[in-house]
Amino acid sequence: MKPKLIPVFDSKPGRAASLFAHLSSGAILRRNFPPGSSAKKVLGFIYVGNVTETRGGFKAMAATAFPLYSNNPNASRFLSTYVSPKEVIVGTDVKQQMYCHLLCGLRHYDLIDGISAPYAAGLIKALTLLESHWEKLCEDLETGIPSLIVNDSGMRQSVIAILGGSQPDLSYRVRRICEEMLWEGVVSKLWPNARYIRCVTTGSMAQYYPKLKFYSGEISIVGGDYFASECCVAINLDIVQPSSRTCYVMLPTAAYFEFLPFDIEASCVRDEQAVDISGVKLGKMYELVVTTYRGMYRLRLGDIVKVVGFHYTSPQVEFVMRAPKSSGQIVTEKDLLSTMASFQLMLRDEFGADIMEFSSFVDMESEVKQLKIFIEVKNISGLLQNDKFKESVDVRRKCCSVLEDGLGSIYQVTRERGDIGPLSVSIVRTGSFDRLLEEAIRNGAPASQYKPPKIIMNHKIVDYLETYVVMKL
């Protein structure tokens, strides 16, 4: 559960390439949402997190934190964009930071032009926190003092200054909206001047897009760019497209890119002969390889992309999935996302239940090899008390059948050969995946860049989830 560490070397060409990509991204956003209204702030759910030291004495931090700790002259301009104070952004407790971001955003609701997070998963967590803690937020607005949830003194004092004393009118406004318990479109009700929500909604983040649409109401959901920790890869020119139609234009000067042909049926790289950016073919899939200005040489990013067009001579790519971590991987991230989407529809139609999070693991060490899927369901008590779900073996068997049918050709062939046993599906306690996030952060993972794992390779994570299982299908 330890994070990947990538060395960063100071490089003028590297800085220039990164600056160009970020300026281009900002220009595209301004083209779609021209500045001009009185609302000019962003409610950004960003978390810089801890800055640690390696054994060799080098500072280790999230890529998003680097501009704030590198004597960057643009740092103050970056911070002034957000409604939250610096003390909240650079804090070290994610739940406290998330709560403070919401509180600052509600205090200055009329100034909010946009809402952002690196990934859709982070926004869903923040809006789920709003659902469960809106009464406390109202009390804080009324008293002008943050709840005891916020015990970090730096965050607490900075938020008190933002609140500027008791705000009974604002408290009443938020209470009136939230006490209806109608969460569809709640973002547009609480922040009526907001014009966009911006985050990455492709790849494993696609599962959160429908829920984000549910919360957002009439506010546009704007796609993010394809920026990796290693380098800026591609830019999203048409940011208002839904996640299913989002594609990115490669930035040929951001790094030297190579492409390894990928066979989706075999779920592996076909051969090791890479092609450069001028040699890619329309409709083909590739694994990305980068050589960067900052010293990374022919590094495999682990991303699978599909070439869907060209913008002048630059390829337009669609993010497909993360590359399989081994040749023996029988289920891909894409298979899992697809089958869970079908399972969600069945669960909602039959029982009115929503999937919050899920992950999978292939247990190759047990006597009977088995694929295990762990699912966290919203309002789990309602599902478990449903007599039809609890008592009917046929219903539970149907649930497993829906999941198995969509798990891809490699899994199906492996299952038919008898190389793997029946699928195991476990319902875990509410909050289990939040605890996984907390554990990852304790081990040094940056909260702003954390993505819930869909394919688990670490047995310790599985053992951890097993302790929170409340029902097996």
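This report walks through the aromatic pairs and the charges over rings in a predicted model.

## Ground rules

Residues are numbered from 1 along each chain as its sequence is written. Because the model is predicted, local features need pLDDT of at least 70, side-chain atom pairs count only at pLDDT 80 or more, and totals for chains, interfaces and linings use all residues, while side-chain values use heavy atoms, without hydrogens or water.

## Ring pairs

There are 6 aromatic pairs in the structure (Phe, Tyr or Trp rings, the six-membered one for Trp, with centres within 6.5 Å; planes under 30 degrees apart are stacked, over 60 edge-to-face, the rest tilted). Take F214 and Y215: the ring centres are 5.7 Å apart and the planes sit at 70 degrees, so this pair is edge-to-face. F214 is partly exposed at 30% relative accessible area, whereas Y215 is buried at 1% (buried is under 20%, exposed over 50%, partly exposed in between, using a 1.4 Å probe and protein chains only).

F259 and Y286 also pair edge-to-face, at 5.8 Å between centres and 80 degrees between planes. F259 is in strand β10 (residues 256–263) and Y286 in strand β13 (residues 285–291), so the pair ties together parts 27 residues apart in sequence (strands are DSSP runs of E, at least two residues, numbered from the N terminus).

Y226, Y248 and F319 make up one aromatic cluster.

## Charges over rings

F214 turns up again here: the charged end of K211 sits over its ring, 4.7 Å from the centre (NZ of Lys or CZ of Arg within 6 Å of the ring centre and within 35 degrees of the ring normal). R173 lies over the face of Y109, 3.7 Å from the ring centre.

Note on methods: Helices (H or I, at least four residues) and strands (E, at least two) are DSSP runs, numbered from the N terminus.
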